[in-house]
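Have the sequence and the 3D view open as you read.

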Amino acid sequence: MSRPITAIIHHEALAHNLAMVRSTVENSQVFAVVKANAYGHRIENVYNAFKTADGFALLDIAEAKKLRALGWEGPIILLEGIFSPQDLFDCTQYNLSFAIHNETQVKWVQQHQYPAQFDVFLKMNSGMNRLGFKPSEYVSTWNQLHLNPAIKSITHMMHFSDADGERLGKPGIHYQLETFEETVKDLPGKRSISNSAAILRYKLHSDYVRSGIVLYGSSPDYPTHTIHDWNLKPTMTLKSELIAIQDLQDHETIGYGSTFTTEAPMKIGIVACGYADGYQRVSPTGTPVLVNGVRTRLIGRVSMDMLAVDVTHISDAQVGSEVVLWGKSSSGTILPIDEVASASGTVGYELMCAVTSRVTFLNQP
Ligand SMILES: *Cc1c(COP(=O)(O)O)cnc(C)c1O
């Protein structure tokens, strides 16, 4: 048998989370964001659950081609747009919509000398200061593109920096939303604004919402709200087994750096999962783990292929016992990825994207 670490992708949970988004913003078209290989789930594992979405959003043309190969004929949008003028040929061949966020991309589109009918998403920088045209440049850029016969439609696009919380004591979307509305108010065209946090926290409708993390069963504003509060289901279980047990006396240490010393006799389980599988090396003693469906904690330093857990209070723990690093145990106990991320000083997004290629992926209905 191969090394027991696996990532199980839960089809029913993916479909449930998408349905939840739909019912929250009923008047919007829902684009499923599948960048970073579907937030680490792998596009081929989520496609069947998401094919009732109105479109897909991602960054990478290779991933867009994969969606076409899987049979998707609907809209696909490239969220960062094209990275070279040659990408425009792929946009035509594979019928990809794309964001335009800077002058260089405008120039590439304007200089494209071939027959084309592009659907573009013109991105406004309404305050996040990452990508997009400032409000003062936005209308003139829109006018320029509007005159180009190769451009079939221009959707107004914007992204929130603070939809998951407050900004200067005010709800984190209003200053950007006001800037956006004021700038586009006299322009025709559809709009695409909301990410997961704006969908859940503000029920913010727009023609095309871009729903990412919420589809993958992680709360965009943890710990303010948990997946339970938002009625989300975990879509990935990172699972392994105990491959050794150590019975220790007090004043013994565990693992590299001897960072943990027992204060009483302890039973320690060694798990076949390490940072080379994508588990964070920085996760400290105390990070939650499930063994045989029972909640316990990580002990000492995570190594490349292994980590240690406290099984002192889990009497049936033995070599071969099930270990859930995040997700759902076979007995039904849930360990939300957000709790593991929070203990590790990061967010669910990063943990799910970090699972490495040596982990076996399995699909579950
Ligand atoms: C990643 C991304 C999203 C999705 O964000 P979530 O917080 O995962 O919902 C939406 N829009 C853009 C432009 C993005 O880059």
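## The largest pocket

The largest pocket here has a volume of about 760 Å³. Keep in mind that you're looking at a predicted model. How do you find a space like that? Rolling a probe the size of a water molecule over the atoms shows where empty space is left.

Which residues lie nearest the centre of the largest pocket? They are Lys-35, Tyr-39, His-159, Asn-195 and Tyr-349, out of a lining of 36 residues. Sorted by class, that lining has 17 nonpolar, 11 polar and eight charged residues. The largest share comes from α10, with three residues.

## α1 meets α3

Now hop over to helix α1 (residues 11-24) and helix α3 (residues 43-50). Their axes come within 8 Å and cross at roughly 55 degrees. Because of that angle, α1 counts as oblique to α3. The crossing of α1 past α3 is right-handed.

Who touches whom? On the α1 side you'll find His-11, Leu-14, Ala-15 and Leu-18, and they meet Asn-45, Val-46, Asn-48, Ala-49 and Phe-50 of α3. This contact has six nonpolar residues, three polar ones and no charged ones.

## α3 meets α4

Helix α3 has another partner to look at: helix α4 (residues 61-69), packed against α3 at an angle of about 50 degrees, with the axes 11 Å apart. That angle makes α3 oblique to α4. Is the crossing of α3 and α4 left-handed or right-handed? It's right-handed.

Here α3 uses Ile-43, Glu-44 and Tyr-47, which meet Glu-63, Lys-66 and Leu-67 in α4. By class, this contact of α3 with α4 splits into three nonpolar and three charged residues, with no polar ones.

## α6 alongside α7

Last up are helix α6 (residues 103-111) and helix α7 (residues 135-146), which pack at an angle of about 15 degrees with their axes 11 Å apart. Why call α6 roughly parallel to α7? Because angles under 35 degrees count as roughly parallel, and theirs is about 15 degrees. As for handedness, α6 passes α7 in a left-handed crossing.

The touching residues are Glu-103, Val-106 and Gln-110 from α6, together with Thr-141, Gln-144 and Leu-145 from α7. Two of the residues in this contact of α6 with α7 are nonpolar, three are polar and one is charged.

Technical notes:
Residues are numbered from 1 along each chain as its sequence is written. This is a predicted model: local features need pLDDT of at least 70, side-chain atom pairs count only at pLDDT 80 or more; totals for chains, interfaces and linings use all residues. Side-chain values use heavy atoms; hydrogens and water are left out. Axes are lines fitted to C-alpha atoms, for helices over the stretch in contact, and angles run from 0 to 180 degrees between N-to-C directions. Helices (H or I, at least four residues) and strands (E, at least two) are DSSP runs, numbered from the N terminus. Angles under 35 degrees count as roughly parallel, over 145 as roughly antiparallel, 65 to 115 as roughly perpendicular and the rest as oblique. A crossing is left-handed if the near helix is turned anticlockwise from the far one by less than a right angle, and right-handed if clockwise. Contact means heavy atoms within 4.5 Å. Ala, Val, Leu, Ile, Met, Phe, Trp, Tyr, Cys and Pro count as nonpolar, Asp, Glu, Lys and Arg as charged, and the others, Gly among them, as polar. On a 1 Å grid over the protein atoms alone, a cavity is a set of points where a 1.4 Å probe fits but cannot get out, and a pocket is an open set with protein on both sides within 12 Å along at least five of seven lines; lining residues have an atom within 4 Å of a point. Grid points are joined across faces, edges and corners, and a volume is the space filled by probe spheres set on the points.
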